[in-house]
Structures are given as C-alpha cells and as structure tokens.
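Here is a friendly note to read alongside the model. Please keep the structure open as you go through the points.

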Amino acid sequence: MSLANQKKLIQRILVAVDASPQSLAALEAAIELASKMEAELIGIFVEDINLLRVSGFPFAREVSYITPTKREIDSPHIEMQLRAQARRVEHILSNMAEQAHLRWSFRTVRGHISAELLAASLDTDIIIMGKKGWSSGKQAGSTTRVMVVKSPHQTMVLERSVRHGYPVMVAYENSPAGKKALSAINLVWDKTSLVCVLILADEAEEARELRLEAQAWLEENGISAHFNWLPEADGEKLARQTRTQSCGVLILPADSEHLPSDTLLDLVNNSECAILLVR
Amino acid sequence: MTKVQPLPSSALYQRCNPDQFNFQSTAELENLFEIIGQPRAIEAISFGVGIKHEGFNIFALGPSGAGKRSLVSRYFEQQAKTDATPSDWCYVHNFEQSHKPRAINLPAGRGVEFRRDMEQLVDELRSTLTAAFESDEYRARRQLLEEEFREKQAKAFEEIQHKAAAVGLSLLRTPSGVVFAPMKDGEVMPPEEFQKLPKEERQLTEKNVEVLQEELSNILQTIPTWQREIRKRVTELNKEISGYAVGSLLEDIYQKYVDFPAIQEYLQAVKKDVIENVKDFLATEEGQSEEAEGALDAMLARTRRGQAPLRRYKINLLVDHHDTQGAPVIHLDNPTHQNLIGSVEHMAEMGALVTDFNLIKPGALHKANGGYLILDARKILQQPFSWEALKRALQSREIHIESIAQMLSLITTVSLEPEPIPLNIKVALLGDRQLYYLLAALDPDFSELFKVQVDFDEIMPNNPEIQHLYAQLIGTLARKNNLRPFDRYAVAKVIEHSARLVGDSEKLTAQINDIADLLREADYWASQNGNHTITEGDVHKAIDAQIYRADRVRERFHENILRKTILIDTTGTRVGQINGLSVIQLGNNSFGTPSRITARVRMGKGELVNIEREVELSGPIHSKGVLILAGFLGARYAAEQPLSLSASLVFEQSYSGVEGDSASLAELSALLSAIAEVPIKQSLAVTGSVNQHGEAQAIGGVNEKIEGFFDICKKQGLTGNQGVIIPSSNIKNLMLRQDVIEAVKVSKFHIFPIENVDQGIEILTGMPAGELDENGNYPSETINGRVQVRLARLAKKSKVPGSSEEEPKT
C-alpha cells in the first residue's frame with residue numbers, strides 16, 4: 001500500500017496523554033505521524049474514576065513520592081489536581097500541534113481509563129500511548145495491556161521518543177494483517193533507517209515464499225531490507241532481537257496466529273522500542 | 001658720541017646662496033637617514049638605549065615636529081634587532097582558584113605550539129572519551145548498575161503491590177503521590193459498598209492500609225540512598241574509564257614539555273580535572289548515549305552561565321612572538337588604561353556579565369615586554385589612571401591587570417585576578433619641555449623612573465654644512481611625501497624661511513614638521529603653476545599664502561591705524577610721545593604693530609606711574625621694565641638730590657594686557673622727551689629693552705616689529721625719514737621681508753642699531769644726548785642737560801613749603 005493510500009486510512013489519530021513523560025513521548029510521535037499523514041490529532045485525558053473513588057474512603061492517605069509523608073485526600077482536591085494536569089497537557093498539545101500546523105482537538109473524559117480509551121478509539125484510525133503511564137515497575141501498565149489486546153484499530157505503544165535513523169523491524173506473515181503490517185512501514189520509515197523483515201512462518205518453504213512476496217512489495221516501494229525467518233515467535237526472544245539490533249520501531253500484525261495475546265504482552269513488556277500493532 | 005649709522009640692506013637678511021649647492025634639484029640627492037642638528041639628543045638616546053639598569057627609561061623632550069618619534073624609534077629598532085626575542089606568555093585556567101588564572105611563559109614561538117597541542121589534546125580527549133563511554137563494555141557496565149537500581153526499586157514496589165493485592169488492596173498513582181484502595185473486580189470498590197462491609201472487615205482493611213502506607217514510606221525514604229549509591233558507583237566507573245583514556249593521551253604532551261615545570265604542573269591539573277568532569281567531553285557530542293543526554297542538560301546549564309565547559313582547557317596566548325625577529329618595539333597611540341595594561345573583558349550571558357581567562361586581553365606592556373615601548377607623554381597623562389598604572393608597572397616590574405571599573409566599584413560582577421607577569425621593558429615618553437619640567441617638579445616618582453633626558457633643540461646652526469644637510473632633508477621629505485623635487489633656488493628659499501621661522505639669521509628651525517608643511521604647500525602651488533620641479537617662486541607663494549590665510553587680524557589692526565581709529569603718527573614730532581612696537585601672537589602666526597606710548601611728568605615725589613599696572617593690564621615683566629626706568633632716572637640724574645618728579649607712562653589705546661620689556665627703551669625715550677621737553681620724531685619707532693645703566697638689550701620678534709611699522713609707513717607714504725631703532729644685539733636676528741630690504745636699499749626706510757639709550761634719543765630727537773663733564777653736569781643744550789636742569793628745578797621747588805602747583809604740561 002502506498003503512502004497516499006495510507007493517508008486515506010489514517011485520518012484521525014488519537015493520543016492518550018496523562019502528563020507522564022511516556023505520554024509526552026507518545027504525543028511527540030503522534031504529532032509526527034499526523035504531520036506525515038496530514039491527519040487530525042485528537043488528544044484525550046481520562047480522569048481516572050478509581051482515583052476519585054479513593055477519596056471517599058475515610059482512611060485514604062496519599063503518600064508523597066518526594067517527601068514520604070502521608071496526607072489526607074478528598075474528592076475536590078483530587079479533582080482539582082486532575083484538572084490541572086489536563087490543562088497542562090492540553091497546553092502542550094496545542095502548542096505542538098499549532099507549530100506543526102495540524103488540525104487538533106482535545107477532550108477530557110471521566111471514567112475507567114481503558115474503557116474510555118477504547119470508546120474514544122472507535123472513532124479514530126490509530127491510538128498512540130505511553131507504555132506505562134504513571135505506573136511503576138518494568139511491566140506495561142494495565143491500560144496498555146487492555147489496549148494491546150482489545151483495541152479495534154492500530155495501536156502504538158512506546159516508552160520513549162521514537163529514535164530516528166534506527167532500524168525499523170516488521171513481522172510479516174501470510175495473512176491480511178501481515179500484509180497490513182508490511183505496508184505500515186510507510187508510516188514510520190524515514191528513508192534512512194534499515195528495514196528488517198521478520199518472516200513468521202512455520203515452514204522454510206513458506207518463509208521463502210513470504211520473503212519473495214515481501215521483497216517484491218518493498219522493492220516496488222523503493223525500500224531495501226534484510227530478512228529473518230522466525231519459525232517460532234516467542235515474545236521474549238523477539239524482544240531480545242529488537243534490543244540487539246537497536247530497533248527503533250517494531251511493526252506487528254496484532255491478530256496473528258503466530259503472535260497470541262500473551263506473546264504480544266511479553267513483547268511489549270520486554271521491548272524498549274516503539275511497537276506498532278497493526279489490525 | 002659716534003653717530004649711529006643705519007644698517008645697510010645686506011645686514012637685514014642672511015641669504016642662503018643657491019650656488020653653493022652642487023645639484024640642480026633634490027631629485028639628485030640621496031635620502032638623509034640621520035637626524036640633523038640634534039647632537040645632544042642623539043648622544044642621550046644612544047646612552048638611554050644602551051644602559052640596562054632599572055629606572056633608565058627615556059623622556060624625549062622638545063618641540064613638536066623636532067623628530068623625537070623618528071629618532072627614538074630608529075634607535076630602539078636598531079637595538080631591538082640585536083636583542084633576544086622575549087618569551088611568549090599565555091594564561092591558563094587555574095583549576096584550584098578559577099578567578100586567579102595562571103601565567104606561563106615559553107620560549108618565543110612555542111606558545112603557538114603549546115596552544116595547538118592543547119587544542120589537539122582536547123579534540124582527542126573528546127573522541128577518545130566518547131568512544132570509551134560508548135563502548136559496549138562501558139554501556140554494559142553502566143546499564144548493569146542502572147538496571148540494578150531499577151530492579152531494586154521495581155522489586156520493592158512489586159512486593160508492596162503483591163502484599164496489597166493479597167489483602168484486596170491496590171496501589172494507585174495520584175497526580176502527586178500514591179494511595180492504597182480496596183479493590184473489587186479489578187477496580188476500586190465504590191466507598192458506599194465499602195461502608196456496607198462488616199465492621200471487622202472494614203477495620204481490618206484500614207489497618208492493612210495503614211501498615212502498607214508505613215511500609216511504602218520506608219521504601220520511598222530508602223530510594224534516595226539507593227540513587228546516591230548508584231551515582232557513586234557510576235562516578236567510580238567513569239573515573240576508571242576516563243583515567244585510563246586520559247593518561248595515555250597526556251603522556252605525549254608530558255614528554256614534549258618535560259623541561260617546563262609550570263606546564264607539567266598544569267597538565268597534572270588538567271588530567272585531574274578531565275577525569276572529574278568527563279561529562280563535559282561527552283556533552284559536546286550529540287546525545288549519543290544516555291551519559292551524553294544527561295550531560296547535555298548540564299552543558300546547556302553551564303553555557304547559560306557563560307561557562308562553555310571545554311573553554312577551561314584552552315590556552316589564551318597573550319603574547320605570541322613566533323614571527324618576531326629580535327625584541328619588539330611598540331608604539332601605543334591611544335594609551336588608555338586597558339590598552340596599556342591589558343584588560344579582562346566580559347560577555348553578557350543571560351543578562352549577567354561573565355568572564356574567564358580566555359577573555360584576558362594583552363596591553364602594550366605585554367606586547368612590548370622584553371623590548372621597547374614608545375608613548376606620548378601628554379596622551380598618557382590625559383588618560384585616566386594610565387600614568388599611575390605605568391608607574392606601578394615600572395616600579396613593581398610586573399604587569400598586574402586590574403579593571404578600573406572594579407577598582408572604583410563601578411560594577412560588581414565576577415572578575416579575575418590574573419597572575420602578574422614579570423616586566424622587563426624600556427619605555428620612552430615623548431613630550432614637550434614644559435611637561436617634562438612639570439613632571440619633574442610635581443611627580444616624585446618621575447625622576448626615579450625616567451632618568452634619561454633626551455632634549456631636542458628647537459634650533460640648529462645655520463652654516464654651509466648644515467645647509468647641505470638641510471637640502472638633503474628637503475629632498476628626503478619630498479620623496480617620502482611624493483612631492484615634486486625642489487630646485488636649488490627653492491631649497492635656498494626654504495632654508496632662508498627656516499631661519500626666519502626662528503627669527504635668527506644664524507640659526508635654522510629644528511621643527512621639521514613646519515618645513516614639511518611648507519614643502520607640501522609649495523608642491524601644491526607648483527602643481528597650480530604647472531611646474532614639474534618646485535621653484536623659488538612656488539616656495540614664495542606658499543609662504544605668502546600661509547601668511548595671507550592667517551593675516552586677517554593684522555589687516556584689521558593696520559586698517560584701524562590707517563583710518564585713524566588707532567592713533568599712530570609716522571610724520572611730525574611730539575614731546576613725550578613715541579611709537580613703540582609690539583608683537584601679537586595668534587595661533588602659529590605672529591605680526592608686529594606699532595603702539596603709541598606717551599609720558600607725562602609733573603612735580604612729585606619720585607613716583608613713576610605705570611598706568612597699565614594701575615589697572616592690572618601690565619604683566620610682571622613689563623612692570624619690571626618700568627621700574628628699571630625709575631632706577632635709571634634716579635641714578636643718572638638725581639643721585640644727590642631727591643627725584644621730585646611724578647611721571648606717568650601709558651600704552652595708548654591698549655585694551656588688553658601688555659607684557660614683556662621690549663618697550664622699555666621706547667618708554668624711557670618718551671620719558672626723557674617729556675622731562676627735557678624735546679619733541680620726538682614720529683617717523684621712527686623704537687623697540688628694545690633697557691637696563692638701569694641705559695644699555696639697550698635684545699628683544700624677540702624684531703622682524704615682525706620692523707615689518708609691522710614698515711607696513712604702516714608704506715601705507716601712509718614712505719618719506720625717507722622713517723625707520724626703526726633696534727638694539728644692536730638684535731642685528732643677528734634680522735631676516736626681513738624683501739619689500740623692507742628694497743626700501744632700505746633706496747633709503748626710503750632705515751634700521752638703526754643702538755647700544756644705549758643715548759644713541760637712541762639722539763636719533764629720535766636730533767639733539768645730542770650729552771656727556772657728563774668733570775663737574776658732574778651735562779651740557780645745557782643736550783637731552784641729558786635739559787633733563788638734569790628740569791629735575792634740579794623740580795627738586796628745588798619741592799623744598800619750598802606749600803609749593804604743590806603742577807608743573808607746566810609738556
């Protein structure tokens with residue numbers, strides 16, 4: 001699929017922002033993609049209903065990260081903090097979007113984060129979000145896990161800004177999603193990056209055919225690449241491969257037989273690069 | 001008494017004979033490289049340059065245009081060629097006290113090399129350290145440390161999350177912290193539902209939350225300690241990696257400068273600093289690693305403060321002699337404090353003024369150190385603080401760079417105290433004589449610091465040998481100024497004008513600038529006249545044009561005389577009235593003009609009233625001259641009787657001050673005329689001073705005075721009786737205008753040289769002065785006799801009580 005066709009498919013880009021450093025990296029990536037696709041950018045900030053509920057407990061105490069002291073919290077206080085965060089991210093988004101001359105909008109909704117994002121993503125063509133948000137620990141946050149598995153559209157998760165000039169890796173298989181994944185290279189390829197195609201096939205013969213197919217498409221689009229056959233797709237192994245090759249973006253077919261949900265989650269948890277799930 | 005004869009025309013002008021020159025034009029002459037007519041100055045400069053002791057700096061004094069600068073420069077440059085080339089000096093960063101940069105010296109030419117070596121070292125350090133810190137080994141070790149921290153932190157949080165989950169709680173992130181909340185079906189339990197739980201269950205939950213909060217607080221308190229620990233270990237790792245890289249790179253430069261302990265010491269400090277601040281090197285590469293990314297922020301922050309980090313390893317080569325042959329000779333035309341001593345400049349960074357050792361700028365003392373410095377004395381005295389700074393440097397034999405603004409607390413910003421640099425220099429000040437004597441009188445340090453006086457004369461002898469050299473000088477100046485050559489008649493005319501400038505037929509001016517100006521102007525007129533060689537006529541025209549341009553005031557004066565606004569008679573006779581002569585100096589031009597002097601006498605008590613003095617228009621020398629007259633009168637005519645005379649003397653129509661004693665001869669003559677009641681010829685004018693014995697003494701400006709009176713007489717009509725009486729000692733000064741000489745030649749005008757007042761009064765009155773006989777009396781029909789009789793009569797009357805009537809007016 002050519003870039004022009006891709007532009008038709010990607011007209012509305014949803015970016016989830018919660019003011020965490022990772023969500024700001026997601027915003028940066030969304031701005032870049034929206035510029036490339038000439039698409040509309042929609043920012044969404046979800047006021048987590050769970051946080052608002054917490055203030056209803058008489059025993060609820062907030063422990064500060066900086067000064068480990070405990071303070072009482074109440075609903076108006078939490079609401080005010082969330083509003084302030086929303087205003088801040090809206091300000092950042094508007095500045096960046098206007099600098100890039102993009103059409104943009106921003107909305108704040110209240111509810112469960114995953115549910116609200118899923119609902120919002122229905123009207124858009126791709127959602128871009130930070131891998132962990134404010135969650136601590138190494139693993140992807142619960143919202144990311146839900147979106148990876150349940151999002152109806154393309155989803156990009158990342159934990160830092162997309163590194164330009166670094167290799168783009170794409171998993172290709174014999175399925176419509178596989179073909180979509182291959183053509184999604186146009187979304188992120190900047191003409192200087194190496195492209196590495198990971199062939200997902202059980203048999204060598206199938207892998208060879210897939211490689212030829214992919215090669216033909218890539219050559220048609222002026223992209224040179226090298227190929228790796230993965231007879232067995234294992235999340236951790238794939239993640240290790242992205243690290244050793246200093247991968248910038250990994251493009252995966254989301255509904256692949258070779259990449260069940262657990263594998264995808266493993267991959268998301270263990271990779272450092274941006275992951276674009278194509279559906 | 002012998003009758004005074006007027007001077008022949010040949011005595012009025014000392015011609016320079018063009019036929020003595022064996023050239024047609026100055027184009028045939030070689031250039032003149034020596035200074036002429038300054039033997040004393042040449043000997044003094046020779047001594048001053050040669051002597052090496054402290055304080056033997058030079059003050060070249062004399063009129064402007066005497067060739068002070070060129071003589072001093074020439075001797076300095078000659079000596080400098082044989083002197084050793086002094087050291088290069090550079091300032092480097094002081095790693096212990098950054099506000100006190102260190103000075104390092106190196107043999108001439110090696111400063112550039114050292115600077116290049118350090119630049120290369122920094123470049124190599126940058127690439128080597130970047131490579132080292134981007135190596136897989138370093139990354140792996142660094143990541144391991146960071147991973148260790150992250151895992152430790154994540155594990156702590158995971159543990160507490162597990163503990164929370166085990167009791168039905170979850171850890172939630174709020175915008176400003178974390179909270180624990182009871183969960184149900186993967187979300188926070190609605191509070192109202194929680195309230196419906198049994199009391200025991202609620203209490204248990206609350207207790208669990210409290211325990212977990214406490215535990216979380218403990219973990220959060222521990223995190224900074226873990227971070228510090230990790231940072232420390234990362235720093236140790238960085239030191240290990242950078243120490244190895246730096247050590248090998250520095251070894252070469254160590255070996256190269258092994259003979260320079262100061263550089264060895266500096267390189268040790270550099271090594272230590274590089275290891276401690278390795279991030280600065282990585283920061284200049286574009287965020288290639290996490291190390292660099294972190295350092296980039298640091299660098300930006302430091303740049304904002306005006307401290308681009310790698311600037312501190314630069315070498316500020318203050319004095320570079322790599323292309324200097326011998327010692328330097330520096331002329332400083334604008335001796336401001338900072339041009340002389342050097343300065344520490346500042347840069348504006350984010351609204352603040354910042355500086356570092358790279359912004360230390362050298363002054364002339366730095367550049368001339370080990371050599372010679374030439375300064376204009378007046379200019380350095382006019383520049384605030386420069387004179388004091390020069391003296392301080394010469395006294396301490398060190399150059400301390402100090403900021404005036406900071407010295408005076410005009411600005412309060414970060415500044416430096418650069419290490420002083422030892423000073424070994426010979427300074428020559430150029431100035432006029434008055435300045436030299438003022439400094440010698442008023443500045444006690446001056447005589448200690450400028451012991452060699454190079455005194456330039458304003459004049460030189462006018463003899464054939466000098467005239468030949470003068471011709472050569474004219475040729476040289478013509479060539480240097482791209483002028484046409486001068487023919488020998490023009491040269492002779494220039495030499496004659498030179499004598500006229502100093503008002504002495506036996507001398508020539510040493511103020512070559514005036515001569516150079518005349519040459520340029522003559523060249524202009526030659527071009528106007530279409531001459532390829534400058535002729536006598538062109539020089540003449542240049543002189544006349546110079547006079548005409550400056551002649552407006554003289555014309556007004558003379559016009560006023562001719563229109564009888566100022567009363568001057570050039571015919572007839574008057575008792576007690578005489579034409580005196582004065583010179584008016586306006587800028588570079590001076591001219592003479594006659595002034596009427598009158599004397600009135602009456603009986604009195606010996607007072608001689610100088611009316612100018614009474615109204616404070618008389619200068620001290622003029623007043624002295626008038627008092628001398630009283631001395632003369634008393635001694636000659638009233639030695640044994642009271643001087644019962646009251647006389648008044650005045651310069652008529654004088655509205656400004658009168659100074660000088662050149663009118664005293666005229667005043668005495670007027671006084672004698674008034675006492676003796678003998679009229680004075682108004683066709684004559686008198687100049688000259690007189691002493692108590694009545695002897696005529698030389699005065700200045702004799703040419704201008706004669707010409708001034710001649711011009712008036714000429715305009716009123718030359719009768720053949722007109723002339724000027726001058727002291728005979730002024731004959732040598734005569735260099736009169738051609739039209740005066742022509743008039744004298746045809747006896748239309750006369751110059752009378754006299755030895756004493758008696759000769760003068762005889763010419764003025766036509767009556768003999770009279771000589772004292774053996775009885776102490778003068779013959780009755782002489783001036784002196786009449787004066788004696790009149791004074792005796794007055795003395796006698798004054799003895800009669802009540803006799804106070806005024807004597808008949810004269």
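1. First, how to read the model. This is a predicted model, in which local features need pLDDT of at least 70 and side-chain atom pairs count only at pLDDT 80 or more, while totals for chains, interfaces and linings use all residues. Residues are numbered from 1 along each chain as its sequence is written, chains are lettered from A and ligands numbered from 1 in the order in which they are written, and side-chain values use heavy atoms, with hydrogens and water left out.

2. Start where the two chains meet. Chain A brings 28 residues to the contact and chain B brings 33 residues, where contact means heavy atoms within 4.5 Å. About 2,800 Å² is buried between chain A and chain B, with carbon and sulfur atoms giving 63% of that area. Buried area here is the accessible area (1.4 Å probe) that two parts lose on being put together, summed over both. Of the area that chain A buries against chain B, 25% comes from A:Phe57, A:Phe59 and A:Tyr65, more than from any other three residues.

3. How many salt bridges does the rule find between chain A and chain B? There are two, a salt bridge being a side-chain nitrogen of Lys or Arg within 4 Å of a carboxyl oxygen of Asp or Glu. A:Arg53 forms a salt bridge with B:Glu187, and their closest N and O atoms are 2.8 Å apart.

4. Helices (H or I, at least four residues) and strands (E, at least two) are DSSP runs, numbered from the N terminus.

5. Next, please find B:Val553 in helix H21 (residues 552–562) of chain B. B:Val553 is partly exposed, at a relative accessible area of 23%; buried means under 20%, exposed over 50%, and partly exposed in between (1.4 Å probe, protein chains only). Beyond its neighbours within four places in sequence, B:Val553 is in contact with B:Leu586 and B:Phe591. B:Leu586 is 33 residues from B:Val553 along the chain, and their C-alpha atoms are separated by 8.6 Å.

6. Finally, the cysteines. The whole structure has zero disulfides over all chains, a disulfide being a pair of cysteine sulfur atoms within 2.5 Å. For A:Cys273, the nearest cysteine sulfur is that of A:Cys247, 3.9 Å away. A:Cys273 is buried, with a relative accessible area of 8%, and B:Cys16 is buried with 2%.
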